[in-house]
Amino acid sequence: MLRLLPIPSGLFVALCLTSWSAAAQFTEIINSDRPCQANTPYVVGKGVVQYQTGLDLLRIKDSPTHTSGQLYGHVLRYGLTDNWELNAQSDYLKLRITTGELTTDVGAWSSVQVGLRRRMWEQKTIRPKSTASVRIHLPVGGALAAEKPVFDVLTIHQWVLPHQWTLTVNAGWAKSEITAHQWRYVVNASHPLGKILCLYLEGYGDYSQNLAQHKWDAGFTIIPHRNIQLDLFGGLARNRGKSEMLISTGLSWRILPRSRRI
């Protein structure tokens, strides 16, 4: 049975705000890229295995078509060193698409990715804590997946602000042989609420082929144990007459090497 450990409030605030140590990326409390869309500027630490999973409930209305579905996401992260991380991600998407009286059900792997993340530098005055990642989206076939490899570059930056607020900014670019350049952004603000809760507010979007999309979401995390995080978030968007709604819940869990166990 898992024994729940008390988490000192000061330690939790340190997690929600910044790295536990400026000399290493390992944090005493789990650091996940969930919830919401923003990645955090951390690698998991040498020898650490971290698993992140979630269920997204989707609803899209783009008249005359209505789409509902579920996305099952899985991420596996492994710390090669305290500065380098290897990660893999897979998403399985189930959709029900209705246009008038015609309904189509589709289910397939929508994304399989492998990548590397590199710690760059810590925050110093106005310079943010930063990491960079490179990923390749593999062509896995099916109606919902990329037909050609897609290369994805992301820079991740975070500032600790007054009054226990944290600002995280992601800026990314993706390109394949058959798609145009896609630029995307995420701006995320977080704040601890008590000893084990943290609140997140976020705006994000992308720009491609002279079209821009902007979306919003918000959520919170609960950390009942140093190595476990639970989360819940939801979001809304309306772009060029298309409305979208998202509700997501997830779990993040890590396994530490013996040298890091308390």
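1. Start with R77 and E85. Their side chains meet in a salt bridge, with N and O 2.8 Å apart. R77 is buried, and E85 is buried too. Keep in mind that this is a predicted model.

2. Now look at R117 and D33. A salt bridge joins these two side chains, at 2.8 Å from N to O. R117 sits in strand β4 (residues 102-121), while D33 sits in the loop between α1 (9-17) and β1 (49-62), so the bridge ties together parts that are 84 residues apart in sequence. R117 and D33 are both buried.

3. Next comes R135 with D152. The two form a salt bridge, and their closest N and O atoms are 3.1 Å apart. This pair links distant parts of the chain: R135 belongs to strand β5 (residues 129-137) and D152 to strand β6 (residues 150-160), 17 residues apart.

4. Are R135 and D152 buried or exposed? Buried means under 20% relative accessible area. R135 has 16% relative accessibility, so R135 counts as buried. D152 has a relative accessible area of 4%, so D152 is buried as well.

5. Which residues do shared partners join into one network? They are D33, R77, E85 and R117.

6. How many salt bridges does a search of the whole structure find? The count is 12. Among them are R77 with E85, R117 with D33 and R135 with D152.

Conventions:
Residues are numbered from 1 along each chain as its sequence is written. This is a predicted model: local features need pLDDT of at least 70, side-chain atom pairs count only at pLDDT 80 or more; totals for chains, interfaces and linings use all residues. Side-chain values use heavy atoms; hydrogens and water are left out. A salt bridge is a side-chain nitrogen of Lys or Arg within 4 Å of a carboxyl oxygen of Asp or Glu. Helices (H or I, at least four residues) and strands (E, at least two) are DSSP runs, numbered from the N terminus. Buried means under 20% relative accessible area, exposed over 50%, partly exposed in between (1.4 Å probe, protein chains only).
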